[in-house]
Amino acid sequence: MISADLGNQLEAFVSQLVATGRYNSKSEVLREGVRLIQDRETRLAALDASIARGIADVEAGRIKPASEVFDGLEAKYRAMANGAE
């Protein structure tokens, strides 16, 4: 079992969430908070992995000039717009 000192402000907030019926218990509020942190940490780990892949691509020379990428995107979306007319 985990015991945590949240401080007065957070304790009051948790109590208010329970008192208003938003959550059934203080434990439910804390579980939700930990789940949100877990989700954030998972997304941050995925972002870190993406950044590491990007850095590895740059170091390996697997890059294109931005102008080339933008020109390709412009041509793609111009063709899509012309096809919709």
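Colleague: Why is Glu11 called partly exposed?

Modeller: Glu11 has a relative accessible area of 31%, and since buried means under 20% and exposed over 50%, with partly exposed in between (1.4 Å probe, protein chains only), Glu11 counts as partly exposed. This is a predicted model, in which local features need pLDDT of at least 70 and side-chain atom pairs count only at pLDDT 80 or more, while totals for chains, interfaces and linings use all residues. Residues are numbered from 1 along each chain as its sequence is written, and side-chain values use heavy atoms, with hydrogens and water left out.

Colleague: What makes Glu11 and Lys26 a salt bridge?

Modeller: The closest N and O atoms of Glu11 and Lys26 are 2.7 Å apart, and a salt bridge is a side-chain nitrogen of Lys or Arg within 4 Å of a carboxyl oxygen of Asp or Glu, so the pair qualifies.

Colleague: Why is the group of Val69, Phe70, Leu73, Tyr77 and Met80 called a nonpolar patch?

Modeller: Patches are made of residues with over 30% relative accessible area and no salt bridge, and nonpolar side chains (Val, Leu, Ile, Met, Phe, Trp, Tyr) are joined within 5 Å. Tyr77, in helix H3 (residues 66-84), has a relative accessible area of 46%, so Tyr77 passes the 30% cut-off. Together the five residues of the patch have about 500 Å² of accessible area, a value that comes from the Shrake-Rupley method with a 1.4 Å probe.

Colleague: Which residues lie nearest the centre of the largest pocket, and which helix gives the most to its lining?

Modeller: Ile2, Ala4, Lys26, Ser27 and Leu30 lie nearest the centre, among 13 lining residues, and H2 gives the most, with 6 residues. Lining residues have an atom within 4 Å of a point on a 1 Å grid over the protein atoms alone, and a pocket is an open set of points where a 1.4 Å probe fits, with protein on both sides within 12 Å along at least five of seven lines.

Definitions and conventions:
Patch = residues over 30% accessible without salt bridge, like charges linked within 9 Å, V, L, I, M, F, W, Y side chains within 5 Å. Helix = DSSP H or I, 4+ residues; strand = E, 2+ residues; numbered from the N terminus.
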